[in-house]
Amino acid sequence: PLVNRGNVLAFQERWDEAAADYRRALERDPGEAAAMNNLAWVLLQSGRGGEGEGWARRAVAARPEEPAFWDTLAEIQLTGGDPDGARQAAEQGLALEPPPELRLALESKRAQAMKYPQPRQ
């Protein structure tokens, strides 16, 4: 129920309240990957992507078969200035054959990440 309420609050862009619900859900069930992922997303939306990246990494570690979690990680890394990490996360998500809408989002993140200048070798 806390994850669901957090989702409603996130939809309403009440980021801090949503984050609080996801954190409470994680106190009850520390392995709840959806709460980790959604917490990562709301932290990104509230300007705390650095903290969110840790939660996104935990979510993909807990459920690496979930392409939406890879999408969240890619978004956080892209926003945080890690294009190589974002590209890799997007490619991980794409390898899981996500549904069409998510495929487009992952492809877009991968394309954005590839626009960054590549470091010299």
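Analyst: This is a predicted model. Start with H3, which is mostly covered: 10 of its 13 residues are buried.

User: Which residues of H3 are buried?
Analyst: Among them are Ala 33, Met 36, Asn 38, Leu 39, Val 42 and Leu 43.

User: What do the buried residues of H3 pack against?
Analyst: They pack against helices H1 (2-11), H2 (15-28), H4 (49-62) and H5 (67-79).

User: How far does H3 reach from its first C-alpha to its last?
Analyst: H3 reaches 19 Å, close to the 18 Å expected at 1.5 Å a residue.

User: And what caps the N-terminal end of H3?
Analyst: Glu 32 does. One of its side-chain oxygens lies 3.2 Å from the backbone nitrogen of Ala 34. Just after H3, Gly 47 takes a positive phi of about 85 degrees.

User: Let's zoom in on Asn 38. Why does Asn 38 count as buried?
Analyst: Because its relative accessibility is 19%, and the cut-off for buried is under 20%. Asn 38 lies in H3, which covers residues 33-45.

User: What does Asn 38 touch, leaving out residues up to four places away in sequence?
Analyst: Val 3, Asn 7 and Tyr 22. There is also a side-chain contact with Asn 37: the two side chains make a polar contact at 3.2 Å.

User: How far apart are Asn 38 and Gly 80?
Analyst: They are 42 residues apart in sequence. In space they are 17 Å apart, C-alpha to C-alpha.

User: Switching to H1. Which of its residues are buried?
Analyst: Leu 2, Val 3, Gly 6, Leu 9 and Ala 10. Seen down the axis of H1, these buried residues fall within an arc of 120 degrees, so they line one face of the helix.

User: Why would residues spaced like that point the same way?
Analyst: An α-helix has 3.6 residues a turn, so residues three or four places apart point the same way.

User: What does the buried side of H1 pack against, and what sits on the face turned away?
Analyst: The buried residues of H1 pack against H2 and H3. The face turned away carries the exposed residues Asn 4 and Phe 11.

User: What comes just after H1?
Analyst: Glu 13, with a positive phi of about 60 degrees.

User: Last one: Lys 109. Buried or exposed?
Analyst: Lys 109 is buried, because its relative accessible area is 9%, under the 20% cut-off. Lys 109 lies in helix H7, residues 100-115.

User: And which residues does Lys 109 touch, not counting those up to four places away in sequence?
Analyst: Asp 71, Ala 74, Glu 75 and Leu 78.

Note on methods:
Residues numbered from 1 in each chain as written. Predicted model: local features only at pLDDT ≥ 70, side-chain atom pairs only at ≥ 80, totals over all residues. Heavy atoms only, no water. Helix = DSSP H or I, 4+ residues; strand = E, 2+ residues; numbered from the N terminus. Buried < 20%, exposed > 50% of the residue type's maximum accessible area, 1.4 Å probe, protein only. Contact = heavy atoms within 4.5 Å. Polar contact = N/O pair within 3.5 Å; in protein donor to acceptor, adjacent residues only side chain to side chain. Expected span 1.5 Å × (residues − 1). Arc of directions from axis to C-beta.
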